[in-house]
Amino acid sequence: MKIKIIGSGCPTCTKLHQMVLKAKKEGHIKAEIEYSKDINELIGLGVMGSPALVVDGKVKKVGMPKDKEELLKLIK
Amino acid sequence: MERKDWNLLIWIVVVFGILYFVPTNVDWFKTSILSAFDLLHDYAQKHVLTCLVPALFIAGAISIFVKKDEILKYLGDKSKKYISYSIASVSGAILAVCSCTILPLFAGIRKRGAGLGPAITFLFAGPAINIAAIFLTMSVLGFKIGLARIIFSILLSILVGLTMALIFREKLEKGGLFLEESRETNLSKKTLFLFFGLMIGILIVNGLQISQTLRYVGMLVFAIAVVLLVVLKFRKEVTKEWLNETWNFSKILLPLLFIGVFIAGFVMPLLPQTLIENLVGPNTIIGNLIASIFGAFMYFSTLTEIPILQALISKGMASGPALALPLAGPSLSLPNMLVIRKILGNKKTAVYVLLVIIYSTIAGLLFGMI
């Protein structure tokens, strides 16, 4: 599984990245995690907002998940 | 020594260097420092509590309660042109967008939504028409110029968008758009209208020409009503989210505003009055053009254009150029042009910048004649 967080480098985007990294560290997921600041990539996917959570090439969520449970549901 | 210590050392050396060389017994420096604190004092007393703080609470509420996806629907490829232009022109106020979401939204509207015209309208109006900036302009520079700023920002954004759509024809891409889902808050429309109405009431009372005691009492009454409504009707999580968003906005805007006020106050006595009177004193085409170009290329962080404008007006800037500057100002700056260029390309960016400067000049000229 490949998880990608795409954002503009805004505080919320870094927060989401940290959240996903933490979920991996705690052993909830096994995945390759990538953080991208390329706005053109966001645009290519048709995402209107940031950050975007992309799992295996599919946009799962735009914006910040409400809590850890929601995040885990999205990336499992 | 660790890296952190090195950083600290550098800071200490820099601060010491400044303190060592600061010309404390020179007259111009004394006047400038005093003027800087004078202006800060003025903002703290007259504008921050009564205008900016309520405006920040409103901005926080907008980002929680206004359903972004429902508004963005009107900027999609199926909506009628006049609807998408008008929604795009006021979107800055209703979406409370932060600068980091403007570009993805812009690109989405342009490529898979309503097209280049409405996207440009959004790009211009997004930063120009935000609640905090409009009300602070009214509070600091007067009602007339504040009102003119809203009206002309809306008009100009639509004009720039329409002109761009006329000059450049673009094909839309196929494919869906992904939007941020809005959260359910379980509040009736009536409660929300009352909530926003009461908060805007605070700002309106602040703008009324009545005695100071009466004004404070009126604002207090509205503020208490807002608190009561929140305590009685809102769920705890919703209140928390609202306060959180408000805090986020404050964290970003307030420190920068105070730095801006300090700098504007400091340079105010140093600005050469005759030069400003010659350049932007009369309401001429040249004066308005200079103000527009200055606004377009200089970088002002949100709200700091206001104290800078205040300093320029006190040194003889006419009302026309004083409107042209904040019209061209917040939407454009040199760093921001470089980013737009990456998405739009050289030609379109150049035309966009030119259009903004030309229309702002004309708007300033018209306003100066009133």
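Which residue is the bridge partner of A:Val47 in E1(B)? The partner is B:Phe178, and the pairing to which these two residues belong links the two chains, as described below. The structure is a predicted model, in which local features need pLDDT of at least 70 and side-chain atom pairs count only at pLDDT 80 or more, while totals for chains, interfaces and linings use all residues. Residues are numbered from 1 along each chain as its sequence is written, and chains are lettered from A and ligands numbered from 1 in the order in which they are written.

The account begins with chain A. Its strands E2, E1, E4 and E5 form, in that order, an open sheet with mixed pairing. Helices and strands are DSSP runs numbered from the N terminus, a helix (H or I) having at least four residues and a strand (E) at least two; two strands pair if DSSP finds at least two bridges between them. Strand E2 (32-36) and strand E5 (58-62) of chain A each have a single partner strand and stand at the edges, so one side of each lacks a neighbour in the sheet. From one strand to the next, the twist averages 20°; axes are lines fitted to C-alpha atoms, for helices over the stretch in contact, and angles between N-to-C directions run from 0 to 180 degrees.

Strands of a sheet pair through backbone hydrogen bonds, either parallel or antiparallel. Both senses can be followed here. Strand E1 (residues 2-6) of chain A runs parallel to E2(A), joined to it by five bridges; A:Ile5 has A:Tyr35 as its bridge partner in E2(A). Helix H1 (residues 11-25) of chain A packs on the sheet, where it touches E1, E2 and strand E4 (52-55) of chain A, and its direction makes about 160° with that of E1(A). Contact between two residues requires that their C-beta atoms, placed from the backbone, lie within 7 Å.

E4(A) and E5(A), by contrast, pair in the antiparallel sense over four bridges, with A:Val54 opposite A:Val59 in E5(A). These two strands form a hairpin with two residues between them. A:Asp56, located in the loop between E4 and E5 of chain A, has a positive phi of about 50° although it is not a glycine. A:Asp56 counts as exposed because 11 other C-beta atoms lie within 10 Å.

The text now returns to the meeting of the two chains. Their contact takes 15 residues from chain A and 16 residues from chain B. On the chain A side, the elements that give two or more residues are helix H2 (39-45), strand E3 (47-48) and E5; H2(A) gives the most, with four residues. This side of chain A has ten nonpolar, five polar and no charged residues. Ala, Val, Leu, Ile, Met, Phe, Trp, Tyr, Cys and Pro count as nonpolar, Asp, Glu, Lys and Arg as charged, and the others, Gly among them, as polar. Across the contact, E3(A) and strand E1 (residues 178-179) of chain B pair in the parallel sense over two bridges.

Chain B is divided into domain 1 (34-65 + 184-269) and domain 2 (68-182 + 271-369), with bounds that come from an automatic or database domain assignment. The centres of the two domains, taken over C-alpha atoms, are separated by 24 Å. Their contact takes 21 residues from domain 1 and 20 residues from domain 2. On the domain 1 side, H2, H9 and helix H11 (236-267) of chain B are the elements that give two or more residues, and H2(B) supplies the largest share, ten residues. By class, this side has 16 nonpolar, five polar and no charged residues.

Helix H9 (residues 189-207) of chain B has buried residues B:Phe195, B:Met199, B:Ile202, B:Leu203, B:Val205 and B:Asn206, which pack against helix H2 (27-65), helix H7 (131-141) and helix H10 (212-233) of chain B. Helix H11 of chain B contains B:Glu245, which counts as buried because it has 20 C-beta neighbours inside 10 Å. Leaving aside neighbours within four places in sequence, B:Glu245 is in contact with B:Gly60, B:Ser63 and B:Ile64.

Key:
Buried ≥ 20, exposed ≤ 12 C-beta atoms within 10 Å, placed from the backbone.
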